[in-house]
Structures are given as structure tokens and as C-alpha cells.
Amino acid sequence: MRILGIETSCDETSAAVVEDGTIILSNVISSSLPLHAKTGGIIPEVAARQQIKYIIPVIEKSMENATALSLSRRGKLRMDDIDAIAVTVGPGLIGSLLVGVETAKTLAYVWNKPIIPVNHLIGHIYANFISTFNSSFDPELRTEGQLSTLNFPAIVLLVSGGHTDLLLMEDHGKIKWLGGTRDDAAGEAFDKIARLLGLPYPGGPSIEREALNGNPKAFNFPRPMLGSGNFDFSFSGLKTAVYRTIQSLNPNDQRLMTKDLAASVQQSIVDVLVKKTIRVAQKYKVKSILLSGGVSANQNLRDELKLNARRYPPAGGLNAEFFAPAKNLCTDNAAMIASAAFFNYHPKPWKQITADPELYFD
Ligand code: KG4
Ligand code: ZN
């Protein structure tokens with residue numbers, strides 16, 4: 001089954017064609033990020049206007065780029081080659097979401113195709129299910145782990161700009177929320193702290209880059225809620241601690257210490273995320289640990305979670321297999337949306353599909 005996925009929840013306009021939920025035939029992403037870097041954050045109105053500008057060319061390009069493996073002829077896909085349309089309906093920015101949702105509904109109506117509404121957060125999880133043997137893929141960006149060993153139950157650590165959640169995934173469509181952030185999301189913490197450090201938006205990649213040559217033990221920042229018995233997170237205290245530290249340094253020292261500050265902040269966030277995830281994985285004796293969301297691009301987080309999954313095997317003596325998406329699938333893209341729709345195939349009449357900025361897990 002070939003699904004055209006459409007994703008416009010925030011500042012990326014993306015369209016992708018994915019075969020059987022795992023094989024990317026095309027994945028086109030146009031980002032208005034450079035515009036937001038100038039303002040140090042996303043201005044919803046600006047993001048929505050960019051979505052309108054890019055949505056049609058991006059969908060056209062995704063059809064052009066796709067070469068269906070199962071078709072005898074080569075070249076651009078036609079509407080007949082698409083079996084269904086998947087679209088992100090939320091959560092996200094209302095102006096941005098509407099562009100994708102209304103475009104997808106129009107296509108579904110005109111082409112007479114089934115349409116599947118997708119929760120953006122569930123979409124992020126499915127970046128792990130996309131295998132990367134498509135030749136157009138950079139082999140360096142391979143998914144860490146193989147689809148064949150992705151067994152349930154799994155623990156999902158979902159870390160993005162707006163969300164930090166721990167989920168128990170017992171099967172496709174059977175996802176239970178176990179805990180999440182009480183204030184800032186992990187990505188939001190990276191973004192806000194980067195701003196304090198004078199590093200460019202988005203903060204996650206900036207801090208990771210800066211941290212490369214820094215000492216993660218230089219500053220002992222708090223590990224919020226590490227000792228709490230539940231599976232919740234809190235990152236706003238960390239932001240305050242970094243702010244106080246910066247205030248206590250003279251500007252010259254601060255400039256000299258930016259690398260150490262970045263490395264120490266990253267270490268604190270990674271420590272909390274990893275320890276809580278391993279604890280919950282042990283509790284539920286899972287077979288797989290899945291990392292997902294924009295922050296999963298962080299190499300330090302990937303390495304530490306992988307290492308600890310081996311060191312503390314949750315499932316009665318068996319190691320839980322660790323999975324992280326290929327790096328180019330960690331941040332927002334439409335391929336993950338098409339994949340989620342394949343594994344959770346519940347089409348709805350197009351008239352019933354609406355954007356829901358507040359959508360969460362039900
Ligand atoms: O999932 P995503 O693309 O958008 C949302 O749905 O929120 O996540 C974006 C977030 C931003 O906060 C960004 O700073 C963070 O992911 N991020 C990273 C890295 N790359 C992106 N955080 C830490 N390290 C990274 N390498
Ligand atoms: Zn996202």
C-alpha cells in the first residue's frame with residue numbers, strides 16, 4: 001500500500017510517499033526555520049504563511065521524486081498510484097495545521113482516496129519503523145536497529161520541542177501514557193537555555209555543537225525529579241539554575257565557559273531522560289526502547305540510552321533492543337506520518353477531519 005503523507009504542524013512543510021509503512025519512496029521537507037532563527041523562535045503567523053507558499057510545490061515534488069518499487073514503469077507517480085492520504089491533524093499551530101489538513105481533504109475528495117488523520121506525536125514514534133534500504137537514502141543515516149527485532153512491549157521516550165513523554169506501547173494502536181513533563185519540554189529547555197547562552201535557535205543542535213568541546217562535569221546542574229517515584233519530568237528549574245550561574249559569572253568568563261555550560265546542561269538533560277527511561281523499561285520488562293521526536297537527533301542522548309539499555313537489561317536477562325530514527329527523520333517530516341497511517345489504518349470521511357491543535361494521547 002502506497003500512502004501520501006502530509007505534515008504541516010509547525011515550521012516544516014513536508015510531503016512523502018511511503019510504501020507499506022516502511023519504505024520511503026520520497027520525503028520532501030521545506031522548512032521556514034531560517035526565518036525563525038532571525039527572531040529566536042517561531043512566530044505562528046509567519047510559519048502559517050510559509051506553509052501556504054510551500055504546500056503545493058512540496059506535494060508535487062514528492063510525487064515527482066517517488067519511484068514506486070512495485071511499479072513496472074519508472075518516473076513520476078500519478079494519482080492512481082496512491083492508495084490513501086495521511087495528514088497530521090494535531091497537535092501543532094492552528095494556522096500551520098489547517099494548511100495541511102484542508103489540502104489533504106481537498107485531494108482526498110478530488111482524487112477519491114481514503115484519508116487517515118494522524119496524531120503528530122504518534123507520527124514521531126513511527127520514524128523508528130521506517131527501514132532505510134531505499135537507495136536514495138544516505139547509508140550514514142541508517143536507523144539504529146532493525147525492524148525485524150522491534151518487538152512489543154516497548155517503552156517510547158518522546159522528546160520534542162513541545163513534548164516530553166514516556167509511553168508504553170503494547171502494540172500498534174495500544175499506547176499508554178505513563179508520565180511527562182510538568183513544565184518545559186526537553187526541546188524547549190534546550191531552546192530556552194541556548195538563548196540564555198547566546199546560542200542560535202533552534203537550541204538543541206546549537207548546544208550539541210557547542211558541547212562537543214566542553215566539559216560536561218564543569219557545572220553540576222540539578223537533575224530535576226530524578227528521585228521522584230513517578231515518571232514525570234520538570235525542566236524549568238534547570239533553566240533557572242543556568243540563569244543564576246550565568247548571572248554569577250562575569251561576561252568574559254561566561255564567553256570562555258560557554259562550551260562547558262553547554263556540555264553540562266546537555267549532560268543534565270540527558271541524565272534525567274536516560275535514567276527515567278531505563279527505570280520505566282525495567283518496571284514494564286519491555287523488549288524494545290524507542291527514542292523519538294526532534295531531541296532524539298542528539299547523539300549524546302542516543303549513545304547514553306543505547307549504552308544503558310545494554311547495561312541494565314530490563315527483560316528478565318534479555319537486553320531490550322534500542323531504536324532511534326535515522327537522524328533526518330527525527331525532526332518533523334511527512335514520511336513518519338504516512339508510516340503511522342499504514343500501521344494504524346483508520347480512514348475517516350473527509351468531512352469529519354478537522355485540525356486539533358490540542359490533540360494529545362487518548
Ligand atoms: O519534533 P520537533 O522537530 O518539533 C516538534 O514537534 O516540537 O522538535 C524540535 C525540537 C527543538 O526544540 C530542537 O531544539 C530540538 O528538537 N532538537 C534537538 C536536536 N535537534 C533538534 N535537541 C537536542 N539535540 C539535537 N541535536
Ligand atoms: Zn514534531
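This is a predicted model: local features need pLDDT of at least 70, side-chain atom pairs count only at pLDDT 80 or more; totals for chains, interfaces and linings use all residues.
Pro 153 is found in the loop that runs between helix H4 and strand S6 (154–159); helices (H or I, at least four residues) and strands (E, at least two) are DSSP runs, numbered from the N terminus.

Residues are numbered from 1 along each chain as its sequence is written, chains are lettered from A and ligands numbered from 1 in the order in which they are written, and side-chain values use heavy atoms, with hydrogens and water left out.

## Other backbone points to check

A cis peptide bond also joins Gly 90 to Pro 91, here with omega near -5°. Pro 91 belongs to the loop between strand S4 (84–90) and helix H3 (94–111).

Asn 112 is not a glycine, yet its phi is positive, at about 60°.

## The zinc site

Three residues coordinate the zinc ion (ligand 2): His 120 and His 124, each through NE2, and Asp 332 through OD, at 2.0 to 2.1 Å. Donors here are N, O and S atoms within 2.8 Å of the metal (3.2 Å for Na, K and Ca); water is not among the atoms, so sites may look incomplete.

Along the sequence, the donor spacing reads H-x3-H-x207-D. His 120 and His 124 are separated by about one helical turn because they are 4 residues apart in helix H4.

## Around ligand 1

Ligand 1 has 19 residues around it, and Gly 161, Asp 191, Gly 204, Glu 208 and Gly 294 come nearest; a residue counts as near if one of its heavy atoms lies within 4 Å. Helices H4 (120–126), H5 (186–196) and H6 (203–211) each supply at least two residues of this shell, with H6 giving the most, 4 residues.

One is 2.7 Å from an N or O atom in the side chain of Asp 191. Polar backbone atoms also take part, with an oxygen of ligand 1 at 3.2 Å from Gly 187 and an oxygen at 3.5 Å from Gly 162.

Key:
A polar contact is a pair of N or O atoms within 3.5 Å; within protein, one must be able to donate a hydrogen and the other to accept it, and residues adjacent in sequence count only if both atoms are side-chain atoms.
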